[in-house]
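Keep the model open while you read, and look up each residue as it comes.

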Amino acid sequence: MKSMNEIISANLKALRKNHKLSQEQVAEEIGVSRQALAKWESGESLPDIDNCYKLTLVYKTSFDALTTDYLGEANDIESTELLKDSYFFGVAKVNERGQIVIPKSARKVYDINYGDRLLIVGDKRGLGMAKLKGMLPFVKDEE
């Protein structure tokens, strides 16, 4: 099993190469030294949460894309296609009634409006949601 350092370092290096950016360009964009970025990519150290957030913005991807072993044992740069078109929208807080507010930026990207119904799915890794409208006919819309 890979360590978190190995996963993050491989993903950071693959994302940077996939975006055809140099270490200098990425480091300048997020406000760190090239040496700091090199240490993250080599697995010598890990970026803090603020820098992870900045990296998701530079690479237009999600926090999961930084921390999940999408590349597997092959560590194939082409596998980073899975990381494209991912987003990081921030954190939602569950209120006392069990309700969450979907961040405005997420509602805009996915065209979620008042009254829309969402399909909620999950597994041991977490939850996911999608607009119910347009889903396959076998999905039952329960009121």
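1. Start with Arg16 and Glu41, which form a salt bridge whose closest N and O atoms are 2.6 Å apart. A salt bridge here is a side-chain nitrogen of Lys or Arg within 4 Å of a carboxyl oxygen of Asp or Glu. Arg16 lies in helix H1 and Glu41 in helix H3, so the pair ties together parts that are 25 residues apart in sequence. Arg16 counts as buried, because its relative accessibility is 10%, and Glu41 counts as buried at 8%. Buried means under 20% relative accessible area, exposed over 50%, and partly exposed in between (1.4 Å probe, protein chains only).

2. Please bear in mind that this is a predicted model: local features need pLDDT of at least 70 and side-chain atom pairs count only at pLDDT 80 or more, while totals for chains, interfaces and linings use all residues. Residues are numbered from 1 along each chain as its sequence is written, and side-chain values use heavy atoms, with hydrogens and water left out.

3. How many salt bridges does the structure hold? There are two. Glu24 forms one with Arg34, and here the closest N and O atoms are 3.8 Å apart. This pair links distant parts of the chain, with Glu24 in helix H2 and Arg34 in helix H3, ten residues apart. Glu24 counts as partly exposed at 47% relative accessibility, and Arg34 is partly exposed too, with a relative accessible area of 31%.

4. Now step back to the whole chain, which has six helices and two strands. Both kinds of element are DSSP runs numbered from the N terminus: helices are H or I with at least four residues, strands are E with at least two. From the N terminus on, the order is α-α-α-α-α-α-β-β. Of the 143 residues, 28% count as buried. Among contacts (heavy atoms within 4.5 Å) with a separation of 6 or more, 48% come from residues 24 or more positions apart.

5. Which residues of helix H2 (residues 23-30) are buried? They are Gln23, Val26, Ala27 and Ile30. These residues cover an arc of only 100° around the axis, which puts them on the same side of H2; the arc is that of the directions from the helix axis to the C-beta atoms. They pack against helix H1 (4-18), helix H3 (34-42) and helix H4 (49-59). Glu28 and Glu29 are exposed, on the face turned away from the buried side. After H2 comes Gly31, with a positive phi near 85°.

6. Helix H4 has its own list of buried residues: Asn51, Cys52, Leu55, Thr56, Val58 and Tyr59. Seen down the axis of H4, they fall within an arc of 160°, so they line one face of the helix. What covers them includes H1, H2, H3 and helix H5 (63-67). The face of H4 turned away from its buried side carries two exposed residues, Ile49 and Asp50.

7. Finally, have a look at the lining of the second largest pocket, which includes Ile100, Arg107, Tyr114 and Asp116. By class, the lining has six nonpolar, two polar and two charged residues. Ala, Val, Leu, Ile, Met, Phe, Trp, Tyr, Cys and Pro count as nonpolar, Asp, Glu, Lys and Arg as charged, and the others, Gly among them, as polar. A pocket is an open set of points on a 1 Å grid over the protein atoms alone, where a 1.4 Å probe fits, with protein on both sides within 12 Å along at least five of seven lines; lining residues have an atom within 4 Å of a point.
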